[in-house]
Amino acid sequence: MSKRILHVITNVAHYADPSHPTGLWLSELSHAWDVFAAQGYEQRLMSPAGGPSPLEPRALKWPLLDASAKAWLNDPTRVALLSSTARPDEIDTASYEAIYFTGGHGVMWDFPDSAGLQAITRAIWEGGGIVSAVCHGYCGLLNTRLSDGALLVSGRRITGFSWTEEVLAGVAKEMPYNAEAEMKARGALYDKALLPFVPHVVTDGRLVTGQNPASAKATARRVSELLRA
């Protein structure tokens, strides 16, 4: 039977300032989707509220719009998936071996406090599945607690978009919080590459995280390796 992977994407279309659009960073989804599809895994998209997921405009411009993301945009079937994502209450967690949280700044608003996402993540983790995230996707793990009340990330090695990268991206002043600092405050053993924006993946058992958009493919490959083990 084919392994099944649940992708989590945002519903948020703008920063606190409505005139500043954001959303899903498409390549973080498309790169992982391509890796998993090559392995024959079944995949489904979910968001905190279900329904449409907006796209981050900056990720749709050269040079960030790469071949993988372009292929997604040129495939009507895949584009349609972004307009009809599942709600957490529509997901049978027992059917999935892995969950993969994508990024884009929108997730900073709707991922951390979604009880539905937390319940699904907890169920997959405690069922022996893989929990993974790339870039800002790790915001979806900030407040997830296990059945014993402990934070999932506490004492575990993890990475995600760094504060240095926020500053260099020119959006630090618009962030609702410092995700790197919040992870550390929760006891996570945060790690990052020596240089910003280069691929960097951290694996701690069944927890797999990638630092930035350039890390999506490597993150998905590591998840695939664990699924084949």
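Predicted model: local features only at pLDDT ≥ 70, side-chain atom pairs only at ≥ 80, totals over all residues.
Residues are numbered from 1 along each chain as its sequence is written. Local features need pLDDT of at least 70, side-chain atom pairs count only at pLDDT 80 or more, and totals for chains, interfaces and linings use all residues, while side-chain values use heavy atoms, without hydrogens and water.

Start with the sheet. It is open and has six strands, in the order β2-β1-β3-β4-β8-β7, with mixed pairing. Strands here are DSSP runs of E with at least two residues, helices are runs of H or I with at least four, and both are numbered from the N terminus. Two strands pair if DSSP finds at least two bridges between them. The edge strands, β2 (42-46) and β7 (201-204), each pair on one side only. On average, neighbouring strands are turned by 15° against each other, direction ignored.

Now look at one pair. Strand β3 (residues 98-101) runs parallel to β4 (residues 130-134), over four bridges. A98 has I130 in β4 as its bridge partner.

Helices pack on this sheet. Helix α1 (residues 26-38) touches β1 (4-8), β2, β3 and β4, and its direction makes about 160° with that of β2. Helix α5 (residues 115-126) touches β1, β2, β3, β4 and β8 (207-210), at about 140° to the direction of β3. Contact means heavy atoms within 4.5 Å. Axes are lines fitted to C-alpha atoms, for helices over the stretch in contact, and angles run from 0 to 180 degrees between N-to-C directions.

α1 also packs against helix α8 (residues 216-228), at an angle of about 35° and with the axes 8 Å apart. Among the α1 residues in this contact are H31, V35 and F36; α8 brings residues including A220, R221 and V223.

The UniProt record, an unreviewed entry, annotates residues 82-224 as "domain: DJ-1/PfpI". Such annotations may be inferred rather than shown by experiment. The end C-alpha atoms of that span lie 23 Å apart, and the span is 27% helix and 15% strand.

Finally, the backbone. Most residues other than glycine have a negative phi, and most peptide bonds are trans. The bond from W62 to P63 is cis, with omega near 5°. P63 sits in the loop between β2 and α2 (67-73). C135 has a positive phi, near 55°, and lies in the loop between β4 and β5 (157-158). F197 has a positive phi of about 70°. F197 is partly exposed, at 38%, a class that runs between buried and exposed (over 50%).

Technical notes: Buried < 20%, exposed > 50% of the residue type's maximum accessible area, 1.4 Å probe, protein only.
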